[in-house]
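Q: I am new to protein structures and would like to learn how to read one. Could we go through it together?

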Amino acid sequence: MASFTLQGIPVSRGITIGRAHLLRPAAMDVKHYLVAQEQVEAEVERLQRAIDAVQLDLQSIWSELPTDAPTELGAFLDVHALILSDPMVSEAPLDIIRTRHYNAEWALVTQVDVLSAQFDEIEDEYLRERKADIQQVAERVLKVLTGSADQLPRAVGVDEQNANMIVVAKDISPADMMQFRDVAFTGFVTDEGGTNSHTAIVSRSLGIPAVVGLGNASHLIRQDDWLIIDSDAGVVIVAPSPLLIEQYRQQQAVLLKARKKLGKLKKTPAISLDGIEVTLLANIELPEDAHAALEAGASGVGLFRSEFLFMGRTGVEQHLPSEEEQFLAYKQAVQTMKGRPVTIRTLDVGADKPLEHGEHNILNPALGLRAIRYCLKEPQIFLTQLRAILRASAFGTVHILIPMIAHAFEIDQSLAMIEQAKESLRIERIAFDENVQVGAMIEIPAAALSLPMFVKKLDFLSIGTNDLIQYTLAIDRADHEVAHLYNDTHPAILQLLSMTVSAAEKAAIPVAICGGMAGDIKLTRLLIGMGFRELSMPAALLPEIKQEILNTNIAALEPSVKKILRTYDPQVIQELLAEVRELRLLH
Ligand code: PEP
Ligand code: MG
C-alpha cells in the first residue's frame, strides 16, 4: 500500500508509531433482507437482546466511572441510556420487524433515519445536534447485532506483534473514552473534533499524541495499517516506509530521552542564568487537570477556564452547574494544588465557547455578549459563580480573574458583585478569604491601551494573547480562512505586550501571560526579555519552557529585544527573533 500523509489539528505533543485500531462508525449501511413469517419473533428477540445488552453495558460503564472522570461523561452516558429506553428507539424498530419483516439491523436503521429526518427539521441548534447521540446509541446496538462490537483488549497497549495501538475513529464517544483510560493506547486519530473536543482534552490530560479534525481519516485508514502520529505537526503518516518508521523511531527516542531529562527538572525553579526567577503556571480546563499541573512542576494554576464546567451539559446535567457543584470543582483544584495559587477565571462563554442553552444567533459572536458582558447581564449566574469561587478560597490560595474587560464600569461592576457575593457569605457565616486577589484579562486592545484604568483598581493582570491577537488583527481565531493572518509577532501585538508589562511594572502589580504565546518556546526568550516574569501554559509544555529559561541570560537578551520593539519591519523582527533564539548559553 502506498504511503500517504493526512494533516489535521494538533492537540497534544509527541510522536507515536503503531498499528491502527479502527473504531468503526458502525456500519449504518447494513444488510437488508426480509425474514420469513415464522422467523419474525426470533428476529424481534434478537434486536431486543442487543438493546438490553447495550443498556447493561452503559450501566456498567457508568458504575465503573472513576471519580476523576470528567463530569460531562456521566451526563452523556445518562443521555444515551435515556435515548435507548425511549419507545421511539427501543420499540418502534421491533414493530417494523413485525409489520414489514425487515431484519433487525435494517429495522433499526430505518427507524434511526426517520428520527434523524425529524431532528433535521428542528430549529433549535442544540436539540438538532442531539441527532448525533441517537446515531451513537444506534451504532452501539448495531455493533452488538453484527458481532462487531469493538474488542478492546484490557490493560494492554500492544498487539501480539508487539506493536502499539492507535485508535482511529470518526469521533470518540464518552463511553468508549472511558475504556481507553484503562487500555494503554498510544495515540488517537479522529475525523472530527477541534482543539477542545473531548478527544483533545482527554489525550492532553493523558499526555498521549493525538491529531483530530482529519476529515475522513477513518475511511482512508484500514485496520492494522501502520501509522506514525507526529502530534506537534498535526500529521498522521499512513503506511510509512520502514525507512521512515526508523527515522521517526530515532526522533521519538530523542524526544523521550529529552522528556525524561526534563522530568528531572520538576522541582528545579525556573531561574535564568543571570539569576532571575520566572514563575511558570499551568492552564487547566477541568479540576482534575490540576494533577497534571502539579506533575509538571507548575507553581500554581495561572488560568482555570471555568467555562468548561458550564459547557457541553446535556441530560440530567443540562442546567448550569449549581453553586455547590461549582464549589466542589473549584475546591478540588485548590486542594490538589496544595496551597499554590489557583487563578479561577470567571465564566468566559460566548463566541467559540457557547453555552448549550445560552444566547445563540448573535450576528458577530466574537464581538457580542461574551464573557464579562454576559455575566453582568446575568447577575444571578455571576453571583452564583462568585460565591462558589469565594467559598473555595477558604481551602487554599484563590485568585479571581475577569475576562474580556474593556470599560471602567465593567471593572467597577465586577468588583461590586464580588463585594456583594462576599457580603452574602459573611451574613451566612460561610468562610472565604477576605483578601482574595482580583485581576483582569488584558485581551481587548482597548484594555491594553488604557492600562492606568486597570492597574489602579486591580491586584494583577493576565494577558490573553489568543483574543488579543484576534481583536487587534481583526481576524476570527476560529476561522481557518484567515488563520494565515494570525500573527503573534505582528509589531502591533509586541507593542501592546510591551506597554502592558511596563504599565504593570510601574504600578508594581504582577502581570502574567496565559494565552498561547506563553507556551510557545520560540517566543520564551522574547517574552522574558521584554520583562514578563509569569507565564501560564498547558502543563505538558511547561518543562521545555523551563529548560529554555534555565539556558537563558536575560540581561544579555535585552539589546536584541529592544531592537525588536523598535522595528516595524516583520522581516527584521523574524531575523532578530532567530538571533535571540540562537544565543546559546550566555553566561
Ligand atoms: C486568551 O484569549 O488568550 C485566553 C487565554 O483565553 P481563551 O483562550 O480561553 O479565550
Ligand atoms: Mg480569551
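Q: Where does Cys-514 lie?
A: Helices (H or I, at least four residues) and strands (E, at least two) are DSSP runs, numbered from the N terminus. Here, Cys-514 sits in the loop between β15 (511–513) and α21 (524–530). This is a predicted model, where local features need pLDDT of at least 70, side-chain atom pairs count only at pLDDT 80 or more, and totals for chains, interfaces and linings use all residues. Residues are numbered from 1 along each chain as its sequence is written, chains are lettered from A and ligands numbered from 1 in the order in which they are written, and side-chain values use heavy atoms, leaving out hydrogens and water.

Q: Is Cys-514 buried or exposed?
A: Buried means under 20% relative accessible area, exposed over 50%, and partly exposed in between (1.4 Å probe, protein chains only). Cys-514 has 1% relative accessibility, so it counts as buried. Across the protein, buried residues make up 54% of the 587 residues.

Q: Which residues touch Cys-514, beyond its neighbours within four places in sequence?
A: Contact means heavy atoms within 4.5 Å. By that rule, Cys-514 meets Asn-283, Leu-303, Met-441, Ser-462, Ile-463, Gly-464 and Ser-536.

Q: Which residues of α16 are buried?
A: They are Glu-410, Ile-411, Ser-414, Met-417, Ile-418, Ala-421, Lys-422 and Leu-425. Seen down the axis of α16, these buried residues fall within an arc of 140° (taken from the directions from the helix axis to the C-beta atoms), so they line one face of the helix. In general, an α-helix has 3.6 residues a turn, so residues three or four places apart point the same way.

Q: What do the buried residues of α16 pack against?
A: Their partners are α14 (371–377), α15 (379–392), β12 (398–402), β13 (437–442) and α18 (451–455).
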